[in-house]
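Let's take a walk through the pockets and a couple of backbone details of this structure. Have a look at it first, and then read on.

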Amino acid sequence: LSRLREVSSVPVVGVVEPGVRAAIRCTGNQKVGVIGTEATISSGSYRLMLKKLSPEIKIFERACPLFVPLVEEDSGYWIDSPLTRQIVGFYLSGLKRSRIDTLVLGCTHYPLLNQVFSEVVGPDVHLVDSATEVAKEVRLVLEKTGLLRSGQRIPERKYYVSDQVEKFCRSGGRFLGQPVNQVELKRVWEEFKENKRFLRE
């Protein structure tokens, strides 16, 4: 993130810190759970940021690799299925026993499972949606830089993806609550290799 901020001509907002700050505000008993993909949890990014901003917090982490494919399933059936409830119960049972009062959703797919999460961990556990916290942070950045749009004109939306355009079009609508079109495939690795200056730096 720090490297991106060095080379970018526009503000870059990270995903981890906004969610962590929200978790610190929410927790009362200083016990925070974090769920994410295996890569996210193994990176320790949320744990490190939580400890940096609030050293007294106890952190309980759980990788949940099955959640993303359940959300991305084309039909959307699995989001509210009995099997999904069993899988969520399996992954979150340990966190529930740890008596967390705040659960950070460390993946932008996870909010689509909010209802199931709430049923499993109970109403007393705050769910922190990192994506929502990032959106709030972006709004603040736009306000501070004078870039926040004030007009009523409906914007034209374009989406750039690094893989599977058709799948993004199908599943993206569930995330955004509206049809997704104007999607362009960007070969990120090929563009990265072509940018000699970036590679040298």
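To sort lining residues by class, Ala, Val, Leu, Ile, Met, Phe, Trp, Tyr, Cys and Pro count as nonpolar, Asp, Glu, Lys and Arg as charged, and the others, Gly among them, as polar. By that scheme, the lining of the largest pocket holds five nonpolar, six polar and three charged residues.

This is a predicted model, in which local features need pLDDT of at least 70, side-chain atom pairs count only at pLDDT 80 or more, and totals for chains, interfaces and linings use all residues. Residues are numbered from 1 along each chain as its sequence is written, and side-chain values use heavy atoms, leaving out hydrogens and water.

**The two pockets**

A pocket here is an open set of points on a 1 Å grid over the protein atoms alone, where a 1.4 Å probe fits, with protein on both sides within 12 Å along at least five of seven lines; lining residues have an atom within 4 Å of a point. Grid points are joined across faces, edges and corners, and a volume is the space filled by probe spheres set on the points.

| Pocket | Volume | Lining |
|---|---|---|
| Largest | About 310 Å³ | 14 residues |

Which residues lie nearest the centre of the largest pocket? They are E72, H109, F168, S171 and F175. Helices (H or I, at least four residues) and strands (E, at least two) are DSSP runs, numbered from the N terminus.

At least two lining residues come from each of α2 (16-26), α4 (45-53) and α8 (130-144), with α2 giving the largest share, four residues. By class, this lining has nine nonpolar, two polar and four charged residues.

**Two positive phi angles**

Now for the backbone. R99 is not a glycine, yet its phi is positive, near 65°. R99 sits in the loop between α6 (82-97) and β3 (102-105), and R99 is exposed, at a relative accessible area of 62%. (Buried means under 20% relative accessible area, exposed over 50%, partly exposed in between, with a 1.4 Å probe and protein chains only.)

Q182, also not a glycine, has a positive phi of about 50°. Q182 belongs to the loop between α9 and β6 (183-185), and with 42% relative accessibility Q182 counts as partly exposed.
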